[in-house]
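Take a look at the protein below.

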Amino acid sequence: MNPSRTSLSLRVLLVEDNEDDRLAFRRAFQGSQLACEITECIRGEEALKRLRTDASSFDLVVIDHGLPGMSGLDLCKELLDNQVPLPLVILTGKGSEELAVEALKAGAGDYMIKDPGRGYLDLLPVVLPEVVRRHGDRLARKEAEEELQRINEELKNFVHVVSHDLRTPITFIQGYSSLLLEQYQDTLDDKGRMCLQRIRASARRMEALVSDLLALSTIGRVVSSFENISCGEIVSNVASDLQDKLGASGIELVVAHNLPTICCDGGRIRQVFENLVVNAIKFIGHTKSPIIEIRCEDRGDFLQFCVRDNGIGIDPQYHLTIFEKFHRLREIEDDEGTGLGLAIVRRIVDNHGGKVWVESERGKGSSFYFILPKDPTGMKLPVTEIEN
């Protein structure tokens, strides 16, 4: 099909063995605004041979169901198997729901009953261009989807290559700086040892940054299966992994007993809880009796989770920007952070059909909320949450 042709011009291959029906088909376009160039074939075998070599000469194929020899449905199937990129319309003298379904399965884009009493001839100049337009839209969408898939695959490969190429020198830096500290510690003065320790710390931070960039780039493109997973189990694993950090700051982690089982990508949601708890640890500051709470509320079609701390709080002017990539607040000392933790949280929650936000004031702690749909397929956010 030639997409540059206007809707007022149509090149049709008519496959019809009945001469009266062929004449009626031609008369249907006389006096209409549609300039229809009609080529005729009497048998399906003849049409198949021509379309295999010259499909580009046509915009549409109209096929009679009751052809001698190869039937109209058989011709549709052959054209579909041969990947002939043209829309197909089946005409039949006797219609039924079963035949309509078979026609669509065979590759036909539309199905019309040859009943002059119902004015089918008057509909041809209207229906056929619409069939061509719909077919063109489908092809355009398919091409766009294939192109997007190709670009995403290239981007995925690029990210992994870059990640590997960046990690290799980082590994060498960490390895050789550790070797110098171990084997030449006696010959190094305090300043030399301090420089090497800073090099190692910078290398560790760069490694974390590369890991976070890789994680951020794959969210939403590398698809994992959704499963019913216990949030209580997820949080328990996160607490175990962060036990040293929590203990070092004397933080009490309080987890509600009603954390539900949800349908989600378990690995991603674990990352959400881990990043939010790590973020809360950073914002605890020098608070007396520091505490981090994790709880959940049922909001009908949604579940609302909250990770709350009683730390230094966040100025309301930063409530949106903290979820942007590489945004870091000056109020906290963070030598290990990459500025991507909350951006990763937002990306994951968005890809689960949810939303994340923060409620906080300076000196009054922070509450990070995120909602997830109980049914992650086709769920829309409630208006109240969008406004939040």
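The side chains of Glu 78 and Arg 52 form a salt bridge, with N and O 3.9 Å apart. This pair ties together distant parts of the chain. Glu 78 sits in helix H3 (residues 72-81), while Arg 52 belongs to helix H2 (residues 44-54). Glu 78 is partly exposed, at 30% relative accessibility. Keep in mind that this is a predicted model.

## Other salt bridges

How many salt bridges does a search of the whole structure find? The search finds 17. One of them joins Arg 150 and Glu 147, at 2.5 Å from N to O. Both residues lie in helix H5 (residues 120-183). They are 3 residues apart, about one turn of the helix. Arg 150 is partly exposed, at 38% relative accessible area. Glu 147 is partly exposed too, at 35%. Elsewhere, Glu 16, Asp 21, Asp 64 and Lys 114 belong to one network, joined by salt bridges that share partners.

Glu 45 pairs with Arg 43 in another salt bridge. Their closest N and O atoms are 3.6 Å apart. Glu 45 is partly exposed, at 34% relative accessibility. Arg 43 is partly exposed as well, at 38%.

## The whole chain

The protein chain has 11 helices and 12 strands. Of its 388 residues, 40% are buried. Now take the contacts between residues at least 6 apart in sequence: 70% of these join residues at least 24 apart. The chain exposes about 22100 Å², and carbon and sulfur atoms supply 49% of that area.

The largest nonpolar core holds 41 residues. Phe 273, Ile 292, Phe 305 and Phe 370 have the most contacts inside it. Several elements each supply at least two core residues, including helix H7 (231-241), strand S9 (291-299) and strand S12 (366-373). Which helix gives the most to this core? Helix H9 does, with 8 residues.

Phe 273 touches residues including Ile 234, Val 238, Phe 305 and Phe 370.

A search of the whole structure finds 0 disulfides. Cys 264 is in none. Its nearest cysteine sulfur, in Cys 231, is 6.1 Å away. A disulfide needs two cysteine sulfur atoms within 2.5 Å. Is Cys 264 buried or exposed? Cys 264 counts as buried, at 1% relative accessibility. Cys 76 is also buried, with a relative accessible area of 0%.

Technical notes:
Residues numbered from 1 in each chain as written. Predicted model: local features only at pLDDT ≥ 70, side-chain atom pairs only at ≥ 80, totals over all residues. Heavy atoms only, no water. Helix = DSSP H or I, 4+ residues; strand = E, 2+ residues; numbered from the N terminus. Buried < 20%, exposed > 50% of the residue type's maximum accessible area, 1.4 Å probe, protein only. Contact = heavy atoms within 4.5 Å. Areas by Shrake-Rupley, 256 points an atom, 1.4 Å probe, with all protein chains shown as cover. Core = buried A, V, L, I, M, F, W, Y, C linked by side-chain atoms within 4.5 Å. Salt bridge = Lys/Arg side-chain N within 4 Å of Asp/Glu carboxyl O. Lists of a residue's contacts leave out its neighbours within four places in sequence.
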